[in-house]
Amino acid sequence: MATTERAFLSTKLAEFGTTIFAEMSALAARTGAINLGQGFPDTDGPEEIVEAAVEALRGGQNQYPPGPGIPALREAVAAHQRRFYGLELDPDGEVLITTGATEAIAAALLGLCEPGDEVITFEPYYDSYAACIALSGATRRLVTLRPPGYAVDPDALAAAFTSRTRAVLLNSPHNPTGKVFTRQELDLIAAHCRERGVLAITDEVYEHLVFDGRAHVPLATLPGMAERTLTISSAGKTFSFTGWKIGWATGPRALVSAVQTAKQYLTYVSGAPFQPAIAQALGLPDAYFESFRAELQAKRDRLCAGLEMAGLEVFRPDGTYFVTTDIRPLGEEDGHVFCLRLPERAGVVAVPTVVFYDDKDVGRPLVRFAFCKRDAVIDEAAARLSRLG
Ligand SMILES: Cc1ncc(COP(=O)(O)O)c(C=O)c1O
């Protein structure tokens with residue numbers, strides 16, 4: 001961004017420019033390249049859910065819904081948490097509907113943090129975390145995840161806690177690495193939170209995209225964690241409606257209430273006609289969730305094979321839409337430079353993982369590709385990338 005464009009930007013946001021997703025999607029649009037940068041599917045979710053939204057639009061659900069969300073959706077979220085994880089929630093006070101997970105994350109940090117607090121999160125991190133921690137007046141403390149395994153270093157985790165730590169912000173399954181935190185890692189994080197009286201905020205938007213027979217384990221299900229964890233998720237990824245922006249935050253009344261106080265001054269309410277449709281979606285039979293997972297797992301395998309053929313080092317993900325790679329086997333060093341040139345060289349757009357790291361040396365050679373695309377698109381992208389070598 002040119003200096004003049006930033007002349008009015010608050011110092012709170014001085015380090016944040018245009019998100020990488022906007023930058024790379026604009027590059028894809030300009031060059032006509034295949035966009036494996038941004039994580040949105042190129043096919044819509046179930047037709048019956050679209051019909052439910054149309055019905056709500058035609059049925060007059062077009063004015064402000066209740067602040068916490070319509071009762072049917074709050075009940076559906078509570079039922080989903082019970083059905084998949086055995087978590088018991090009162091839809092009146094322990095469930096809040098938000099404008100996507102993005103707003104829930106922002107409202108959680110704004111509603112729960114004091115200026116001077118510290119929030120621990122893992123790098124590479126989803127970019128809104130750093131910006132919202134900064135907006136809340138808190139400071140981020142990062143624990144670095146490194147390929148190939150992106151494992152949590154227990155010493156680094158312990159060292160990140162200080163007397164100012166307010167919360168751990170955990171994303172599992174994790175974007176951009178595709179890592180699913182192991183039970184051992186979750187236990188360790190939970191033990192620190194319990195011992196130090198620290199809150200947990202979890203971003204579980206990829207909860208239904210966990211592969212190879214693994215299970216998603218919400219941190220809130222671990223002993224002593226339900227009372228200190230705010231769990232966030234959304235409909236975008238699970239039902240392939242990323243543009244509807246229906247999300248939710250669940251947890252103990254006092255946490256949800258703090259988040260709602262912030263949320264009401266951000267958007268007040270969210271997406272009236274989409275709320276009944278997502279309530280219906282959350283009740284879809286197991287077969288929907290199973291086939292969605294199987295489909296994405298097959299797409300992961302398809303793209304990973306293509307990326308390996310193209311000569312990249314591939315870090316096969318256990319979950320999410322994303323696979324990260326190391327470009328050094330191609331004789332390249334800098335992921336940002338590589339991604340800026342990729343549309344011209346190969347007609348494909350990807351995202352440099354370095355933008356999600358504060359530790360630039362770790363992130364520099366890493367590049368993320370999204371596989372939530374039609375098979376023909378993945379195949380074409382792989383064919384184009386194979387010319388790189
Ligand atoms: C880790 C993570 N959290 C949150 C979001 C945003 O979710 P929503 O679209 O529901 O706001 C994304 C979207 O890519 C994500 O990857």
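Reply: Start with E185 and K179, whose side chains meet in a salt bridge at 2.8 Å, N to O. This is a predicted model: local features need pLDDT of at least 70, side-chain atom pairs count only at pLDDT 80 or more, and totals for chains, interfaces and linings use all residues. Residues are numbered from 1 along each chain as its sequence is written, and side-chain values use heavy atoms, leaving out hydrogens and water.

Me: What makes the pair E185 and K179 a salt bridge?
Reply: The rule asks for a side-chain nitrogen of Lys or Arg within 4 Å of a carboxyl oxygen of Asp or Glu. E185 and K179 meet at 2.8 Å, so the pair passes.

Me: Why is E185 called buried?
Reply: Buried means under 20% relative accessible area, exposed over 50%, partly exposed in between (1.4 Å probe, protein chains only). E185 has 9%, so the residue counts as buried. K179, at 8%, is buried too.

Me: How do you know that R141 and E118 form a salt bridge?
Reply: Their side chains meet at 3.9 Å, N to O. The pair links strand β4, with R141, to strand β3 (residues 118–123), with E118; they are 23 residues apart. Strands here are DSSP runs of E, at least two residues, numbered from the N terminus.

Me: What makes E15 exposed?
Reply: E15 reaches 53%, and the cut-off is over 50%, so E15 is exposed.

Key
Helix = DSSP H or I, 4+ residues; strand = E, 2+ residues; numbered from the N terminus.
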